[in-house]
Amino acid sequence: YRIEFEDSDRNISIFCGQSIFIKFVFLSENNESNLGVALVVKRFDETVVFGSGSNVQGVLTDGSSSKWYVNIDLGKIPINEGNYSIDLYFVTGDTQIAKFSNAISLEVGSSDVFGGGKIIPSSKHWGDFYWESNWNISI
């Protein structure tokens, strides 16, 4: 098994608050049916930050092929600044057929996500995620 990326897709660089898009081709020597794809985003110390999977979300593929085009739109994950890696998993039914550890690097830069002129504190102080909340503070 192998995966092929366009040059820029293996190394993703975004700022906090931007969408994350992943695009690649999964190749197999044999035809695979009902392919499912999952990913796990980790810190470089191997701590899992979050995961997502097509099968878990009920996305089913049709047909059988040795070449699958995979497009993943993770949306605007509220992930804080830092360097992460992404593992990719491939399944047919409930059977894992391939795993690519550290297949993608993800660099997230800090930014003024909420538009108030303040940069989000680093992940060292706020953890892996920032969160928009509704605040009411009064006397």
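**View 1. Ser-111 and its neighbours in the predicted model.** Ser-111 touches Phe-15, Cys-16, Lys-118, Ile-119 and Ile-120, leaving aside residues up to four places away in sequence. Touching, or contact, means heavy atoms within 4.5 Å. Ser-111 sits in the loop between β8 and α1 (123–126). Helices (H or I, at least four residues) and strands (E, at least two) are DSSP runs, numbered from the N terminus. With a relative accessible area of 14%, Ser-111 is buried. Buried means under 20% relative accessible area, exposed over 50%, and partly exposed in between (1.4 Å probe, protein chains only). A polar atom of the Ser-111 side chain lies 2.8 Å from the backbone oxygen of Cys-16.

This is a predicted model: local features need pLDDT of at least 70, side-chain atom pairs count only at pLDDT 80 or more, and totals for chains, interfaces and linings use all residues. Residues are numbered from 1 along each chain as its sequence is written, and side-chain values use heavy atoms, with hydrogens and water left out.

**View 2. The whole protein.** The protein has one helix and eight strands. Along the sequence, the pattern reads β-β-β-β-β-β-β-β-α. The C-alpha atoms fill a box of roughly 65 × 30 × 25 Å, taken along the principal axes. Of the 139 residues, 40% are buried. Among contacts between residues at least 6 apart in sequence, 69% join residues at least 24 apart. The accessible surface comes to about 8700 Å² (Shrake-Rupley method, 1.4 Å probe), with 48% belonging to carbon and sulfur atoms.

**View 3. The three-stranded sheet.** This open sheet has the order β1-β3-β6, with antiparallel pairing. Strands β1 (2–4) and β6 (64–75) stand at the edges with a single partner strand each, so one side of each lacks a neighbour in the sheet. From one strand to the next, the twist averages 30°. Axes for this angle are lines fitted to C-alpha atoms, and angles run from 0 to 180 degrees between N-to-C directions. Three bridges pair β1 with β3 (residues 20–33) in the antiparallel sense. Two strands pair if DSSP finds at least two bridges between them. Ile-3 stands opposite Phe-26 in β3.

View 4. Beyond four places in sequence, Phe-24 touches Ile-3, Glu-4, Phe-5, Val-37, Trp-68, Tyr-69, Val-70, Ile-72, Leu-88 and Phe-90.

**View 5. The hairpin of β4 and β5.** These strands run antiparallel and are joined by five bridges. Val-40 stands opposite Gly-51 in β5. Four residues lie between the strands of the hairpin, where Glu-46 takes a positive phi near 80°.

**View 6. Gly-93 in its loop.** Gly-93 is placed in the loop between β7 and β8. At 40% relative accessibility, Gly-93 is partly exposed. Gly-93 touches Asn-34 and Asn-55, not counting residues up to four places away in sequence. The C-alpha atoms of Gly-93 and Asn-55 are separated by 8.5 Å, although the two residues are 38 apart along the chain.

Key: Polar contact = N/O pair within 3.5 Å; in protein donor to acceptor, adjacent residues only side chain to side chain.
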